[in-house]
Amino acid sequence: MTDAAALIAKLRRRLERPPTDEAEGVKLLGVLDQLIDASSDDERRWFQEAKGRYLLDFPFGDPMLVAELANEALADALEDLSEADLAAKHDTCRQIAVAFHLRRAGTARANLESAIHWAAQALTGAGEKGDLLAQGEAHLLLGELYISRLAGERVLNLETSGQHYLSASRLFDRNEQPNGWCRAQLGLANVLAKPALRDRTRRLRQSISTLEDITDHLETQTDPVLELQAYMQLGVALAQYPAGDDVSYNQRAIRAFRAAARLSLDQGQLSSWAQAQHNLGNAYLDCHAGRFTMNRARAIVHYRRALDVRRDEGNSHRLAQTLNALGTAYWELRDTGDRYLGLAREALEEVTELRLRLGRLDEALGSAQNLSRVLAAQSAWPEILTLGERLFFDNDLRLKDTSTPAEAERLVSAFGRLVDMMALAASEHDGPKACIDVLLRGRARLGALREGGDDENSDRMREVAPDELLVVTLVPIPPNPIQLIMIYRDPGGVLRHQTERLDGFSQYDLDEMIYGEAEDALSWIHAYQDVHVKNDRTRLAEMLDVIGDRLGQEFSSVGALLDTNPHLQHLTWAPSGALSVLPLGRCRFGGQKPMNERLPCRVATSLRAYPEPTRKIGQGRVISFSDPEGNLPFGRIEGDVLKEQFPETE
């Protein structure tokens, strides 16, 4: 045996066991670097590959830096190899894919695409060599990568991921390779449990069935790590299932999380134990069996147990999740004692500050919304205004830095809810005029940023016309009710404000109208889908009547104001929140015709829609469906006005 061969054999044995401490590991990496510099091509490739593999399992130092160094070493080992040689190195290709998946340098999208490329290369190479187990490992990795993939359609990525996991489960024999089979089935169950637009309940049912099969199978195996993962996933899937009045799913989820907590303690995995405690808190918060107060108290106990670990872990994101959940649990107990409101406020103030420090603005806005709900219950209106000013007007420019439309939309929605809470606080504290000022300043600022501009006059509302009624609706965070502010001029031209709280009508009621209580319930979104998917307008006509009657009942003061002021001949809605997606023009008062058949109705979400167009607003070609069924006279008028504003209109 040559000296080089003997050295490689010795190194191979040494690299098979992990380092006992960081100093030993760094020393061995230094030896590998010296050998890389002093070796010929073939030997250098072996040492580079050995270094990359060693780094992927290196338990010390900054994980991101270690992954970057592993990526670099493995890529150098395969540089300039032919297709045939790459096929032979399929396992190294898979290791490079893993390194790209762990990599944090560059953009997440680019790293994921590179990881998918190398994992596909590994799959091709393993197929050419006929290595079934290597093919299974490559399919497992591709399944994980496609779940995380940012490019392309989400549903397509999930389906692709599911196909890879299914292929892996077929390649691993259930009895001969139980570890690989279980990992593939766990991945498939995870895909099925992911939120998707189609067949949500059916997919969850399949996920639960798959996970129960895995837990049954693992009873005859000795792999506590996979068993822990299976019970944790099973609990999550059961907790998500829309069981209606059937509380058994929640009870089964609690049993699964308890099993996961027990396994975590047996293995000394405190982080997993804290996650199981957090999940148990969520399950008890959603529990409808037994006493309401007792379930909330149990949720608080589990959240506090998770906090005891997470405060010491250094993972601020998970700490923030549990703090936010704890604040919600305290809020749920608000009717049993004022002290719970104080505890909820304390937890939510801490989590909001923590998320701001972490730079997670969208999550900070979510906890700030919950905090503003607590402050509203305490009638702490000035504090809500201060919170909103600090979060919104100090951070709204972040909208210009968002990388995707979906991210921008999430921030716009979160900012909008915060502006509505500020408007509610201004209305309660200083009156309707202050409320309108807050809405104008906030909504117009959002509109300008969303369009990429910054209108200097964005906080100026045009004058209300003498014959116009402007109805501003506030949809604050539940359980605060929707509020109406009606602005108009009396026959003498004096500007009037009239406000009303719609007790018993809140975001909860809007959600029921929009989404329904079950997947197949009558709702606005299902009626909309029937039209666009099936070209069936049956549910749409029925839902328009339901919405019209309900809104007419709740907004009866608007109808009364119009009846007592016949000079008001134009109605402008300025909705917020979920009201923005409902057909407000179909509002029907006391059995009368819908409003859009009685007088001209328009929507002005920014409060700045002008009664009549005053300038050309477009240069392109427009296709307008103004009155498709011949029963919207004011829709025809709107279409005629559009024709005047664009050179080409159909």
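Leaving aside neighbours within four places in sequence, which residues is threonine 293 in contact with? They are Leu333 and Thr336, where contact means heavy atoms within 4.5 Å.

## The model

This is a predicted model, in which local features need pLDDT of at least 70 and side-chain atom pairs count only at pLDDT 80 or more, while totals for chains, interfaces and linings use all residues. Residues are numbered from 1 along each chain as its sequence is written, and side-chain values use heavy atoms, with hydrogens and water left out.

The protein chain has 27 helices and 7 strands. Helices (H or I, at least four residues) and strands (E, at least two) are DSSP runs, numbered from the N terminus. Of the chain's 650 residues, 48% count as buried. Buried means under 20% relative accessible area, exposed means over 50%, and partly exposed lies in between (1.4 Å probe, protein chains only). Take the contacts between residues at least 6 apart in sequence: 62% of them join residues at least 24 apart.

## Threonine 293

Threonine 293 is found in helix α15 (residues 292–313). Its relative accessible area is 33%, so threonine 293 is partly exposed. Glutamate 332 is 39 residues away along the chain, yet the two C-alpha atoms are separated by 8.6 Å.

## Phenylalanine 505

Phenylalanine 505 sits in the loop between β3 (495–502) and α22 (507–515). It is buried, because its relative accessible area is 0%. Beyond its neighbours within four places in sequence, phenylalanine 505 is in contact with Pro481, Ile482, Leu510, Met513, Arg550, Leu551, Glu554 and Phe555. One of these partners, glutamate 554, is 49 residues apart along the chain. The C-alpha atoms of that pair are separated by 7.4 Å.

Helix α3 (residues 41–56) has 16 residues. It reaches 23 Å from its first C-alpha to its last, close to the expected 22 Å. That expected span is 1.5 Å times one less than the number of residues. Buried residues in α3 include Phe47, Tyr54, Leu55 and Leu56.

Helix α10 also has 16 residues. It reaches 22 Å, close to the 22 Å expected. The helix is mostly covered, with 13 of its 16 residues buried.

## The nonpolar core

In soluble globular proteins, nonpolar side chains tend to be buried together. Here the largest nonpolar core has 107 residues. Such a core is a set of buried Ala, Val, Leu, Ile, Met, Phe, Trp, Tyr and Cys residues joined through side-chain atoms within 4.5 Å. Leu365, Leu439 and Val472 have the most contacts inside it. Helix α20 (residues 405–430) gives the most to this core, with 11 residues.

Leucine 365 touches Leu391, Leu411, Ala414, Phe415 and Leu418, not counting residues up to four places away in sequence.

## A pocket and a cavity

A cavity is a set of points where a 1.4 Å probe fits but cannot get out; a pocket is an open set with protein on both sides within 12 Å along at least five of seven lines; lining residues have an atom within 4 Å of a point. Grid points are joined across faces, edges and corners, and a volume is the space filled by probe spheres set on the points.

The second largest pocket holds about 1,200 Å³ of space. Of its 40 lining residues, the closest to its centre are His101, Glu144, Ile147, Ser148 and Asn190. The largest share of this lining, 8 residues, comes from α12. By class, the lining has 19 nonpolar, 13 polar and 8 charged residues. Ala, Val, Leu, Ile, Met, Phe, Trp, Tyr, Cys and Pro count as nonpolar, Asp, Glu, Lys and Arg as charged, and the others, Gly among them, as polar.

The count comes to 1 cavity of 30 Å³ or more. The largest cavity has a volume of about 30 Å³. His90, Asp91, Arg94, Ala122, Ala126, Ala134 and Ala138 line it. Helix α6 gives the most to this lining, with 3 residues.

## Backbone exceptions

Most residues other than glycine have a negative phi, and most peptide bonds are trans. Serine 379 has a positive phi, near 55°. It lies in the loop between α18 (361–377) and α19 (381–395). Serine 379 counts as partly exposed, because its relative accessibility is 47%.

The peptide bond from proline 478 to proline 479 is cis, with omega near 5°. Proline 479 is found in the loop between β1 (468–474) and β2 (482–489).
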